[in-house]
Amino acid sequence: MTVSWPHALAVWRRNATMYRRTWWLNILPNFFEPVFYLVSIGIGVGAYVSQMGGMPYIAFLAPGLVCVAAMNGASFEVTYNIYVRLTFEKAYDAMLTTPVEPDDVLAGEVLWAVTRASIYGGTFFLVIAAAGLAPLPRALLAVPIVPLAGLLFAAIGVAFSLRIPTLDLFSFYFTLFLTPLFLFADVFFPLEERLSPGWLRVAEALPLLHPVRLARAAFRGAPAPILVWDVVYILGVSALLLAWARRGVRRRLTS
Amino acid sequence: MIVELANVAKHFGTRVAVDHLDLAVPAGICFGLLGPNGAGKTTTLRMIYGVTRPTTGSVRVFGLDVTHESRAVRARIGVTLQENVLIDAISPVENLRVFGRYHLLREPALSRRIDEVLDFLELRSHASVPVKSLSGGFRRRLAVALSLMNEPELLVLDEPTTGLDPAVRLALWSRVRALQARGTTVLLTTHYMDEAQRLCDRVAIIAGGRVVADASPDALIRQHLAAEAVEVDCTRDEETSLVRTLRPRAQLRVGGRVILFADDVAALVAEIRRSHGDHGRLVVRPANLEDVFLALTGTSLEGS
């Protein structure tokens, strides 16, 4: 069985229909969250930090936070929201009485998570651009990284969600996986200045590191060979996890 | 045949949900699957629309192998699940629009079809209010409306009227008959005997994952019992003597009560009146499917 994109799009549109009704409720926190981080850490903490990674602290922080916004947008969608649709709303049971197949459900949900990530990350980008923290036009190169980051965290989250028996385990996912990533994946301080070469190699496993490095390179206008590896990591890990999730979604939806 | 199951079994681990089931549903009829909860009805339906794969045997719908062509099969069938799956926050019209897109309906056909099903199931008056504010009967009708979006050739209804009040049940039955009149084949499960007897041209009684009888309701009653039933309270000794003298076609015992079946019960009634007097709460009534189920399986259909 392969994905039928028209059917996947119908799944995507179900979520879009629901989201449209409450978009302003969702957009507003999106808008304020980056402002709070930038003011508190960028301006507050930044006042005591003259330089970080060779630039003013707030400028160092801004591209990383764009990726964090994309990560959060995708993650909420493929964890709590998918679980609710699967278990409480039984939305997938209804879809599977129609020509929609499990693969289409997965593709539609991932596509929707990427959309949510793009809305989150895009809003964040607009805020920092308005604050003069995104050097235009070259920082625009960071915009396509937002859906890529969304894809990566949609793949990770959906693979996790399909294999857990209860909703309670999502708190582990957020506290023991996403929070450490947020704190230790190059967003707040440059890993390469704090870790030994051996540990730096280990740190390459951290998923958030890759979109952050790409976004920061775009903001700086400093391409480097390692960025190819970042793109390969994002696409490769996403593909592997989605292949695994495909088996999971069939197992959960059919018997 | 619209639906054909041949020697189908379904095991979940060590549990046998369906056990060598044979079923054939001809075009244009209303076919009822009867059985107590846990008899394998829902599993059988899920195999028919291709969400559950049979462990052994073959399931063909419209002549297609469901296991390999589930997408093509589901494009031509409508399924109303036992539990309504509606989106509470949005209106019936929006629910129908979301569902129609699963069938790849596009404007203007989508809106036209929404109008048709709104009229057909009389949902127009509340078409634009959030679903969460609707009554149980309205929600059920909307659930049926969703499954009609693709103008199905086969409509599958899993316990369509469970938990509904009598007026809503009557309304839904009339809709099922109207669909049948237009040529739609209907396959439903129920544990309501009146529903099966009124709606179904043919019923299959399922118990323990097997079909134990399969015919029209009248034929089942004729084959296994007789046209009329006489119920009376009596002891086992009295039953033995009644059966010996009156030779009914069949008899059933339910607690302290005996049901005797005969095509002409006048003689039975006269004899019981003579031997029992006015005691025993004598009732004469037509034999029904509940009696057939009791006779065939030894258990009550309502699962009491």
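1. In this predicted model, strand β1 of chain B (residues 3–12) and strand β4 of chain B (residues 56–61) run antiparallel and are joined by five bridges. One residue pair can be picked out along this pairing: Leu5(B) has Val59(B) of β4(B) as its bridge partner.

2. These two strands belong to an open sheet of four strands in chain B, ordered β2-β1-β4-β5, with antiparallel pairing. The edges are held by β2 (15–25) and β5 (64–65) of chain B. Each of these edge strands has a single partner strand, so one side of each lacks a neighbour in the sheet.

3. Chain B is divided by the domain assignment into domain 1, covering 3–216, and domain 2, covering 226–286. The distance between the C-alpha centres of domain 1 of chain B and domain 2 of chain B is 40 Å.

4. The next point is the contact between the chains. Chain B contributes 20 residues and chain A contributes 21 residues. On the side of chain B that touches chain A, the elements giving two or more residues are α2 (70–74) and α3 (92–102) of chain B. Of these, α3(B) supplies the largest share, four residues. By residue type, the side of chain B that touches chain A consists of twelve nonpolar, three polar and five charged residues.

5. Which elements make up chain A? Chain A has eleven helices and zero strands. Read from the N terminus, the order of its elements is α-α-α-α-α-α-α-α-α-α-α. A reader moving from the sheet of chain B, with its strand order β2-β1-β4-β5, to chain A will find zero strands there.

6. The overall dimensions of chain A can be checked against a simple rule. A compact globule of 255 residues would have a radius of gyration near 18 Å, and the 19 Å of chain A agrees with this. The C-alpha trace of chain A spans about 60 × 40 × 35 Å along its principal axes.

7. Two further figures describe the interior of chain A and its contacts. Of the 255 residues in chain A, 46% are buried, where buried means that 20 or more other C-beta atoms lie within 10 Å of the residue's own. Among contacts in chain A with a separation of 6 or more, 84% are between residues 24 or more positions apart.

Terms used:
Residues are numbered from 1 along each chain as its sequence is written. Chains are lettered from A and ligands numbered from 1 in the order in which they are written. This is a predicted model: local features need pLDDT of at least 70, side-chain atom pairs count only at pLDDT 80 or more; totals for chains, interfaces and linings use all residues. Domain bounds come from an automatic or database domain assignment. Two residues are in contact if their C-beta atoms, placed from the backbone, lie within 7 Å. Ala, Val, Leu, Ile, Met, Phe, Trp, Tyr, Cys and Pro count as nonpolar, Asp, Glu, Lys and Arg as charged, and the others, Gly among them, as polar. Two strands pair if DSSP finds at least two bridges between them. The radius of gyration is taken over C-alpha atoms; the globule rule is 2.2 Å times the number of residues to the power 0.38. A residue is buried if 20 or more other C-beta atoms lie within 10 Å of its own, exposed if 12 or fewer, and partly exposed in between; C-beta atoms are placed from the backbone.
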